[in-house]
Amino acid sequence: MSEQQTFQKITQTTIEEHKQIDFYLDQVSVTLDSLHDDGADVEPMRRLAAQIAGLKERLVEHHQTEEEGG
């Protein structure tokens, strides 16, 4: 694989990772907007916790890729 092909692959991978991070951020934002003050339904908070955990996982993976030179 040539240097240019390697760079293109890394760039495509980085773009895809950023799209995934944006997706998780959008999900968190939508869930935050849907929260109500009544607190009777705990499901939105559970969903928010799961979304934040997913976002954290994606950010850690992305950071590791960048640290490895991606």
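# Reading the labels on a predicted model

Me: Why is E61 called partly exposed?
Reply: E61 has a relative accessible area of 35%. Buried means under 20%, exposed means over 50%, and partly exposed lies in between (1.4 Å probe, protein chains only). So 35% makes E61 partly exposed.

Me: What kind of model is this?
Reply: This is a predicted model, in which local features need pLDDT of at least 70, side-chain atom pairs count only at pLDDT 80 or more, and totals for chains, interfaces and linings use all residues. Residues are numbered from 1 along each chain as its sequence is written, and side-chain values use heavy atoms, leaving out hydrogens and water.

Me: What makes R58 and E61 a salt bridge?
Reply: Their closest N and O atoms are 3.2 Å apart. A salt bridge needs a side-chain nitrogen of Lys or Arg within 4 Å of a carboxyl oxygen of Asp or Glu. The pair therefore qualifies. R58 and E61 are 3 residues apart in helix α2, about one helical turn. Residues three or four places apart point the same way, because an α-helix has 3.6 residues a turn.

Me: Why does E17 have no salt bridge, although E17 is buried?
Reply: The nearest side chain of opposite charge, R58, is 8.9 Å away. Lys and Arg count as positive, Asp and Glu as negative; His and the chain ends are not counted. E17 sits in helix α1 (residues 3-34).

Me: What makes the link between E17 and T65 a polar contact?
Reply: Their side chains are joined at 3.3 Å. A polar contact is a pair of N or O atoms within 3.5 Å; within protein, one must be able to donate a hydrogen and the other to accept it, and residues adjacent in sequence count only if both atoms are side-chain atoms. So 3.3 Å meets the distance limit.

Me: Why is the pair of F23 and Y24 called edge-to-face?
Reply: The search of the whole structure finds 1 aromatic pair. In it, F23 and Y24 are 5.8 Å centre to centre, with 85° between the planes. Rings of Phe, Tyr and Trp (its six-membered ring) pair if their centres lie within 6.5 Å; planes under 30 degrees apart count as stacked, over 60 as edge-to-face, and the rest as tilted. F23 is partly exposed at 47%, whereas Y24 is buried at 18%.

Me: How do you know that the span of α2 is close to the expected one?
Reply: Helix α2 (residues 43-67) has 25 residues and reaches 36 Å from first C-alpha to last. The expected span is 1.5 Å times one less than the number of residues, here 36 Å. Helices (H or I, at least four residues) and strands (E, at least two) are DSSP runs, numbered from the N terminus. The chain has 2 helices and 0 strands.
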